[in-house]
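Here are my notes on this one, written as a colleague's pass over the side-chain contacts. Have the structure open while you read.

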Amino acid sequence: MINNQSFNLKSSVFHKNFILSLFFLFLNFQAFAQINYEFASNKNFSLGSYGRVGVDWSFENGGSIGRRLNLNNMGSIGGRLEEQDYLELAPNFVFNPKKGDETVIHVQVRLAAYSTSLTSFGNTSTSSVGGLSFALPEIYAEARNIRGKELNIWIGSRLYRGADVHIADHFYFNDHSGQGVGVEYKNSRLSTIFVASVDTTSTLPPYFYLNIKTGTPSAALRQRTVFVGEHDFYLDENNTITALAEYHHMEKGQDGTLPDEDDEDVEEAVNFPSDYGYVLGFRYNLQLKKMLPGSFNDFTLRYGGGIANGGDGGISKTWLTFGAPDEETLRYNKAYSLALVNHTVMNLSTNYTMNAYVIYTKSKGGSSLNNLAPTYFEKEVYNRKEDFTVGTRHEFYITDFFHLLGELHYSQRKDGTNPIASMTKISVAPVYVPTGLRDIWARPHLRFVASLARYNDFAKETLYSPYLQFTGEEQWGYYFGFKAEWWLWK
C-alpha cells in the first residue's frame, strides 16, 4: 500500500514536471520563432525611382550601338537624349517621433543599376561580360526640423547636391555627394565628406600609392577629408545668393612606404606628401516672375585651388583632382579650376517652354607643363584642359498628351596643347506624355529620338567621341531610337 502511494506520488510529480517542461519548451519555440521569422509590417514606407530605358538602331552595323554622340570626357554635357539605360530605386523608411514632436525622422537607401558596356538592360545579367552593375550611392539617416527648430542632422552616404542642368545631366556648383555627416540650420549648411579610393587604374595621383609593409606592393586607401560650408542670402522673394566654401585636406602616405629619395621622379614616387585645396563660389538665382510660374535663371561661378580643382567628365565634384602634381614637390600647389554655369528655364506660354544652358570650365594641374605631364608609375595625364558648351531644349505642348522636343547643342574641348575638338548636334523627339501635363518636368516620357551630330576634323581624326570610337573616322554621327524616362519622388 505504501509502495503504491509512493509510486502514485512520484508519478504525479513526474507528470507535473513533464507538463511544465513542455510548456517552457513551447515558450522557447515561440520566442525562437519570433526572432528567426521577423517580417516587416511597418506602413511608414515609400519608394522613389528614377530611370530611363530604350532601344536604338544604326545603319553602321544593322543593330544597336548604344553610344553617345557627345565628345569624350564630357559625359552628358552636349545633350542626354542618347543616354544608356539606367535605374534608381530609393526606398525610404519613416519613423514616428515622440508625441507632440515635429521632428521628421527617416532612413533612405538608393540602389542604382546600369550596364558596364553602355548598352541596354535586356538579355543581360551581372554574370555577362559588360553586363549589369549595381551601386549603393545612398544609405543615410536624417532627422529634420528637430523639435521644430529648423535644424537638420544627417549621417551616411548620400547624393548631397543642389540644382542640375537636367538636359545635360550635370549637377553643378555644389555636388558634395559622398559619405560623411552634415548639419543644416535655417539657411546654413555644414558638412564633412570623407573620400577614399582603391582604384588602381585611376589617373588621380592623390588617391593611390603603394603600401610596402608586407614586402608586396598592394593598393591602399589614402583618405581625403572635405569640409563644406554654404549659406543662402534671401534678398527678396525673387532673388537669392548662395555662398560656398570648401577646404580639402589629405594626409601623407602611411609609415612603411618606400623611403623618399632626393632624386626620386614623380613616375617612381609611391608616397605622395600631404596636400590641401580650397573652393570659393557663389550662386545667384533669379525667379522670372514676369513669365509663367517655374521660370528662373541660375548663374554660378566657382574657383577651386590645389587638390580641390576637380570638375571633369561631366561631373562637377571638386575632390576629383585634375591633372598631374608638380614634378619636384609632388604637390598641387599651382593647380586650379574655374567653373561657370548659367541655366535658365522660361515658361513663355502654355504652349511653349525653353530650357537653355552655358557651361565653361578651365582647369590646370600642379605640374608646370601645359600638355601631357608625368604622374606615378610612368603614366601621363593632360595637365590642362578647357571646355565650353551651350545648348537649348525647346518643348512645344502640341496637346496635353503630345509634346515635341527640339534640341541644339554646341560643345568644344581643348586638352593640353591639342587643337580644339568640337561637335554640333541637333535632336528632334516627339513625346507621348501619359499624365497629360503641360509641364517641362512632367514624366514619364515615351519618346522617339532622332539626333544628328557633326564633328570637326580634329574630333573625327582622333575619334574624340564614344560614337566615333565605334564607327571610326566619320564627319557625321546619328542616333535613332525609342526612349522612356521617368521619375517619381513625391
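This is a predicted model: local features need pLDDT of at least 70, side-chain atom pairs count only at pLDDT 80 or more; totals for chains, interfaces and linings use all residues.

## Notes on side-chain contacts

1. Which side chains does R144 meet? One is E142, in a salt bridge at 2.8 Å, N to O. Another is E184, in a salt bridge at 3.8 Å, N to O. E184 sits in strand β8 (residues 178–185) and R144 in strand β4, so that contact ties together parts that are 40 residues apart in sequence.

2. Are these two glutamates buried or exposed? E142 has 4% relative accessibility, so it counts as buried. E184 is buried too, with a relative accessible area of 11%.

3. Now over to D298 and R283, which form a salt bridge with their closest N and O atoms 2.9 Å apart. This pair links distant parts of the chain, with D298 in strand β13 and R283 in strand β12, 15 residues apart. Both D298 and R283 are buried.

4. There is also a salt-bridge network to look at. Shared partners join R52, R68, R80, E83, D169, R443, R447 and E485 into one network. For the overall tally, the structure holds 24 salt bridges.

5. On to the rings: how many aromatic pairs does the structure hold? The count is 13. Take Y278 and Y303, whose ring centres are 6.3 Å apart with planes at 40°, so I'd call the pair tilted. Y278 is in strand β12 (residues 275–287) and Y303 in strand β13 (residues 296–306), so this pair links distant parts of the chain, 25 residues apart. Y278 counts as partly exposed because its relative accessibility is 35%, and Y303 counts as partly exposed at 34%.

6. F282 and F299 make another tilted pair, since their ring centres are 6.1 Å apart and their planes at 55°. F282 lies in strand β12 and F299 in strand β13, so the pair ties together parts that are 17 residues apart in sequence. F282 is partly exposed at 36% relative accessibility, and F299 is partly exposed at 24%.

7. Elsewhere, ring pairs link Y50, Y86 and W487 into a cluster. Two arginines also sit over rings. The charged end of R161 is over the ring of F171, 3.6 Å from its centre, and R158 lies over the face of W154, at 5.1 Å from the ring centre.

8. Last, please look at the surface. A nonpolar patch there is formed by F45, L47, L89, F93, F95, L111, L136 and I139, with about 700 Å² of accessible area together. Which strand gives the largest share of the patch? That is β2, with three residues. At least two residues each come from β1 (45–57), β2 (86–95) and β4 (132–144). L111 lies in strand β3 (residues 104–115) and counts as partly exposed, at 41% relative accessibility.

Definitions and conventions
Residues are numbered from 1 along each chain as its sequence is written. Side-chain values use heavy atoms; hydrogens and water are left out. Rings of Phe, Tyr and Trp (its six-membered ring) pair if their centres lie within 6.5 Å; planes under 30 degrees apart count as stacked, over 60 as edge-to-face and the rest as tilted. Helices (H or I, at least four residues) and strands (E, at least two) are DSSP runs, numbered from the N terminus. Buried means under 20% relative accessible area, exposed over 50%, partly exposed in between (1.4 Å probe, protein chains only). A charge sits over a ring if NZ of Lys or CZ of Arg is within 6 Å of the ring centre and within 35 degrees of the ring normal. Patches are made of residues with over 30% relative accessible area and no salt bridge: like charges are joined within 9 Å, nonpolar side chains (Val, Leu, Ile, Met, Phe, Trp, Tyr) within 5 Å. Accessible areas come from the Shrake-Rupley method with a 1.4 Å probe; for residues, only the protein chains shown count as cover. A salt bridge is a side-chain nitrogen of Lys or Arg within 4 Å of a carboxyl oxygen of Asp or Glu.
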